[in-house]
Structure formats: structure tokens, C-alpha cells
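Subject: Structure handover, with notes on what was found

Dear colleague,

I am handing over the structure below, together with a written account of what was found in it. Please read the notes with the coordinates open beside them.

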Amino acid sequence: MTLKLGDRANVTRIFTSGDMDQFCAIAGTGTKPPGAVPGPLIGGLFSYLLGVELPGRGTNYLKQDLEFLPPAPIEEELTASVKVTRIRPDKHLVDLKTICQTASGEIICRGRALVYVEDVGKL
């Protein structure tokens, strides 16, 4: 597979109240679970996509810029997506647009990612 401008990947997930309880337990905060999906969990969706789906195995995260908009609802379907916007094979770099939105299309997070891919021309 060759990486091309416009290539996309997405993942859909519903974060539950139980997930929020586990997040607090893992974080060790001992506080009440949040009323919205925390940013690190949304960021994890992008991390999954970049490392597993697009560009995939061997991808190294260099930079991530995320802008969180309205709170991400718990118990609702969220879809995170990445789209290739620039490929710089001479430097082994790939730029991607990142978006997470609700099932109704409301954007709750947007940003950009820069990744290093050793063999960007042969993915």
C-alpha cells in the first residue's frame, strides 16, 4: 500500500460511565468521575489510528496539536478520524488532519498530527 494525499482512517467508540470510573481509578485521583470524556481518552483514539491504521505500524508520533471544543458526551458514539494532508518523503514526514465528532456531526476536537514514517513511500 502506498500512502497518498487524502487517505483517511477512522474509529468509532462509545465511552461509558464505567469507562470514566476506570479512568479515575487508573489516574489515581480519587475524585468523582468526569461529566464528559477527558481529552486524553480522545487523544488515545488518534494515537490508535496513527499507530495501527494510518500510517500504521512503525509510525512515530512527533507532534500533536488538539483543540478541544464542546465537552465530549459520555454514552454517545464518537468518531475520530485522521486524513493525510501532506507527505514529505525526503524527510520521512506525514502531516494529518485530526477530527473527533459526535454521531450528529458536532466537532468536539480538531487538530493536526505530524508523524515520522521510515519508509513513507512503501506503506
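The notes that follow go through the sheet, the helices, the core, the salt bridges and the backbone.

This is a predicted model, in which local features need pLDDT of at least 70 and side-chain atom pairs count only at pLDDT 80 or more, while totals for chains, interfaces and linings use all residues. Residues are numbered from 1 along each chain as its sequence is written, and side-chain values use heavy atoms, with hydrogens and water left out.

The sheet

Helices (H or I, at least four residues) and strands (E, at least two) are DSSP runs, numbered from the N terminus, and two strands are said to pair if DSSP finds at least two bridges between them. On that basis, five strands form an open sheet in the order E1-E3-E4-E5-E2, with antiparallel pairing. Its edge strands are E1 and E2 (59-68), each of which pairs on one side only. Neighbouring strands are turned against each other by 20° on average, with direction ignored; here axes are lines fitted to C-alpha atoms, for helices over the stretch in contact, and angles run from 0 to 180 degrees between N-to-C directions.

Helix H2 packs on this sheet, touching E1, E2, E3, E4 and E5 (107-117), and its direction makes about 145° with that of E2; contact means heavy atoms within 4.5 Å.

Within the sheet, E3 (residues 77-88) and E4 (residues 93-102) pair in the antiparallel sense over 10 bridges, and Ile87 stands opposite Val94 in E4. E4 and E5 are joined, again antiparallel, by nine bridges, with Thr98 opposite Gly111 in E5. Nine bridges also join the antiparallel strands E2 and E5, where the bridge partner of Phe68 in E5 is Cys109.

Helix H1

In H1 (residues 17-27), Asp19, Met20 and Cys24 are buried, where buried means under 20% relative accessible area, exposed over 50% and partly exposed in between (1.4 Å probe, protein chains only). These three residues cover an arc of only 140° around the axis, which puts them on the same side of H1; the arc is that of the directions from the helix axis to the C-beta atoms. The face turned away from that buried side carries the exposed residues Gln22, Ala25 and Ile26, whereas the buried residues pack against E1 (8-14) and H2 (39-53). H1 is followed by Gly28, whose phi is positive, near 70°.

The nonpolar core

A nonpolar core is taken as a set of buried Ala, Val, Leu, Ile, Met, Phe, Trp, Tyr and Cys residues joined through side-chain atoms within 4.5 Å. The largest one has 27 residues, of which Ile42, Val82, Val94, Leu96 and Cys100 touch the most other members. The elements that give two or more residues to this core are E1, H2, E3, E4 and E5. Leaving aside residues up to four places away in sequence, Val94 touches a set of residues including Leu3, Val84, Ala113, Val115 and Val120.

Salt bridges

A salt bridge is a side-chain nitrogen of Lys or Arg within 4 Å of a carboxyl oxygen of Asp or Glu, and the structure holds four of them. One of these links Lys4 and Asp7, with the closest N and O atoms 3.4 Å apart; Lys4 is partly exposed at 48% relative accessible area, while Asp7, at 14%, counts as buried. Asp19 forms a salt bridge with Arg13 at 2.9 Å between the closest N and O atoms, and there Asp19 is buried at 17% and Arg13 partly exposed at 33%. The side chains of Asp95 and Arg88 also meet in a salt bridge (3.0 Å, N to O), and both of these residues are buried.

Backbone points to check

Most residues other than glycine have a negative phi, and most peptide bonds are trans. The bond from Leu54 to Pro55 is cis, with omega near 0°, and Pro55 has its place in the loop between H2 and E2. Glu75, in the loop between E2 and E3, has a positive phi of about 70° although it is not a glycine, and is partly exposed at 46%. His92, which lies in the loop between E3 and E4, likewise has a positive phi, of about 65°, and is partly exposed at 24%. In the hairpin of E4 and E5, with four residues between the strands, Gly105 takes a positive phi near 95°.

With kind regards
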